[in-house]
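Me: I would like to learn how to read a few features of a model. Please take them one at a time.

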Amino acid sequence: MVLYTSPFPNSFLSVLHSFSWGLIFPCYWLADRLVASFVPTTYEKRQRADDPCYFHALCIIITTPIYLALLVASLPFALIGFLLWSPLQSARRPYIYSRLEDKSHANGATLLTEWKAAGSGKSFCFGSANVCLLPDSLARFNNVFNTQARAKEIGRRIRNGASRPQIKIYIDSPTNTSISAASFSSLVSPQGGDSTNHTFNPGMKRTTSMEYKGDNSGSNSGEDTREDKGRTREPNEGEENSCIVRINGEDNGHMSDTETDAINDQAHASCPAEPLLEGDAEVSKTPNHKQKEGDSGSLDSCSASRESLVKVRVGDGTVDQSSVNKLLYKASIMKKTSVRKKKHTDETFDHEISAFFPANLDFLCLQEVFDKRAAEKLKEQLHHYFEYIVYDVGVYSCHSCCSFKFVNSGLLFASRYPVMDAAYHCYPNGRGTDSLASKGALFLKVQVGSTPQDQRIVGYISCTHLQAIAGDTTVRCEQLDMLQDWLSEFRKSTSSSSTANPEELVAFDVICGDLNFDNCSSEDKLEQQHSLFTHYKDPCRIGPGEDKPWAIGTLLDPEGLYDEQVCTPDNLQKVLESEEGRKGYLVYPTSKNHSSSQKGRKASLKGNGRRIDYMLYTEEGLYLEWKVEVEEFSFITQLAGLTDHLPVAMRLMVSTGEDDP
């Protein structure tokens with residue numbers, strides 16, 4: 001299948017389309033600004049409350065007649081442009097595939113080594129987020145604004161979070177030998193050649209919420225433990241950009257107060273500022289992404305959040321090895337102690353509320369990237385980490401859909417692995433305002449490696465966004481039916497294998513997206529019982545109508561986006577870890593049987609908010625000799641103040657059943 005790298009098949013149509021849009025854009029921009037001036041966000045309302053001279057009201061009185069006059073003047077040109085633009089959409093391709101040719105710009109990414117299906121397996125990390133990049137006037141109805149600046153900052157935060165090194169700590173102790181992903185703050189991050197020192201903010205030091213996953217099988221003998229003491233373990237195949245540290249469990253895991261103070265003093269004196277990536281020096285113009293002390297959403301602050309994976313470089317001589325090891329061990333012990341209250345012993349994987357996107361994020365699915373200029377800015381930022389991006393997905397005008405489409409599907413896909421095939425389908429049954437957008441499903445096939453026998457190792461990823469209007473249960477169920485049918489057709493049409501002679505081995509099949517229904521609301525029972533959940537597994541779900549105790553809602557209350565308690569990734573993470581905090585800042589399902597007041601409604605319902613953003617995976621249709629299981633699931637707060645949804649991430653382990661060579 002040919003991947004489309006331009007929206008039109010030839011340059012003539014592209015030029016004609018650019019000309020027609022150039023005639024439409026002034027009218028579109030003026031209308032957008034005019035409406036936006038009358039839809040203030042809560043942040044702007046608070047600012048205006050402190051304005052005794054009513055300066056903003058005066059500006060509106062002056063600018064509104066100007067906007068109206070210019071809008072009327074631009075209407076004839078917009079009409080001509082629309083008459084040219086609309087028929088051109090029948091020749092438009094359903095997406096644009098962008099590949100980073102100059103890899104020197106990918107300064108946040110680590111080059112991937114091809115997986116050869118050797119060793120015990122490989123993990124793949126998937127992320128999904130609804131980023132609410134609508135035209136500014138429409139975005140304000142969700143209490144967010146300045147779409148263009150938000151798009152750039154969202155891309156910047158994602159790439160900075162994903163490009164962090166992944167540290168795994170192996171703890172040797174008399175009672176526990178285990179592996180865990182180090183996610184804590186107060187660690188040294190030395191950078192050679194930079195003598196500038198910064199101090200940590202003591203108020204922001206907190207241990208991680210990541211669950212500590214022990215392995216008390218006793219498979220490692222005492223001789224093995226002694227032999228491995230002090231030795232750094234080599235990464236397994238596929239552990240990109242990772243740092244493996246082995247820590248000895250001497251003195252029963254206790255450290256003296258003298259040692260603790262010495263390590264903390266060294267940490268305070270050894271935290272230089274990390275160099276900004278290209279374009280990072282630009283000062284933000286909106287409060288949605290204003291950096292505050294302790295705001296580690298973009299990794300520019302030394303007072304990193306509890307989940308930050310720090311860059312420990314002991315080879316340059318700037319930090320004493322023994323001090324770093326003691327510090328790592330101390331932090332891991334703190335982590336172990338802090339999560340005992342929350343650990344669910346029946347859970348087989350780690351789960352957390354994280355202030356950062358996972359390190360070594362492999363695939364990213366975004367929804368509501370409707371604004372085309374914002375999509376370009378977002379793409380430019382993501383290309384610092386992801387080599388392959390599919391964006392501007394969808395159809396316009398009356399092309400291949402029942403109703404007229406003014407905007408695209410809003411879907412965007414980014415990958416570190418090459419895309420082999422892609423297909424898009426538009427849901428034909430959209431209703432109300434949703435029918436104005438070409439909401440649908442994007443299906444992708446990626447190559448993640450090859451076997452020694454030259455068999456391709458591939459994976460399938462589907463990204464979708466369902467009907468949003470409350471009460472449209474039958475519409476969403478029909479869309480889920482179409483999603484399954486289209487995915488089955490896509491897999492059949494792109495497969496070049498047969499059972500007798502497999503040319504490809506399927507490693508995973510994942511569905512990501514905003515499904516616009518939750519698993520706890522009584523009004524969403526039909527969706528909860530859909531057949532999709534018999535074929536695909538939801539890591540957060542026990543069954544229809546019941547989520548796991550640690551799962552939280554992903555839809556934030558728009559009215560509270562700019563409250564000081566939640567306006568930074570660290571603060572939002574802290575709030576969401578408490579039940580009372582979740583009740584104050586997450587949207588909960590409505591109930592017909594209870595009071596209309598929000599607090600009364602939340603107190604009467606089970607669950608932890610409306611979880612409408614999903615990550616699903618299946619074991620059906622994969623290579624029979626391999627096993628797929630969830631390694632980690634995260635609710636992410638790194639986009640605090642930038643969108644009204646919580647991103648989610650899932651790390652899958654594909655086990656081949658072979659021993660490490």
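Reply: Start with the terms: helices (H or I, at least four residues) and strands (E, at least two) are DSSP runs, numbered from the N terminus. The model here is a predicted one. By that count its protein chain has 15 helices and 18 strands.

Me: How many residues does the protein chain have, and what percentage of them is buried?

Reply: Buried means under 20% relative accessible area. Of the 661 residues in the protein chain, 56% are buried. The accessible surface comes to about 28200 Å², with 54% of that belonging to carbon and sulfur atoms.

Me: Among contacts between residues at least 6 apart in sequence, what share joins residues at least 24 apart?

Reply: In this protein chain the share is 80%. For a pair of residues, take Ala 640 and Leu 572: they are 68 residues apart in sequence, while their C-alpha atoms are 6.8 Å apart in space. Ala 640 sits in the loop between β17 (627-636) and β18 (648-655). Its relative accessibility is 1%, so Ala 640 counts as buried.

Me: Which residues of helix α9 are buried, and how are they placed around the axis?

Reply: The general idea is that an α-helix has 3.6 residues a turn, so residues three or four places apart point the same way. In α9, which spans residues 372-382, the buried ones are Ala 374, Ala 375, Leu 378, Lys 379, Gln 381 and Leu 382. These residues lie on the same side of α9, because they cover an arc of only 160° around the axis.

Me: What do the buried residues of α9 pack against?

Reply: Their partners are the strands β1 (96-99), β2 (121-133), β7 (363-369), β8 (388-391) and β9 (412-415), together with the helix α5 (147-162). At the start of α9 there is also a contact from a side chain to the backbone: a side-chain oxygen of Asp 371 comes within 3.1 Å of the backbone nitrogen of Arg 373.

Me: Where does Cys 132 lie, and what is its phi?

Reply: As background, most residues other than glycine have a negative phi. Cys 132 lies in strand β2, and its phi is positive, near 55°. With a relative accessible area of 0%, Cys 132 is buried.

Me: Is Asn 516 buried or exposed, and where is it found?

Reply: Asn 516 is found in the loop between β13 (504-514) and α11 (525-528). Its relative accessible area is 12%, so Asn 516 is buried. Asn 516 is not a glycine, yet it has a positive phi of about 60°.

Note on methods. Residues numbered from 1 in each chain as written. Predicted model: local features only at pLDDT ≥ 70, side-chain atom pairs only at ≥ 80, totals over all residues. Heavy atoms only, no water. Buried < 20%, exposed > 50% of the residue type's maximum accessible area, 1.4 Å probe, protein only. Arc of directions from axis to C-beta. Contact = heavy atoms within 4.5 Å. Polar contact = N/O pair within 3.5 Å; in protein donor to acceptor, adjacent residues only side chain to side chain. Areas by Shrake-Rupley, 256 points an atom, 1.4 Å probe, with all protein chains shown as cover.
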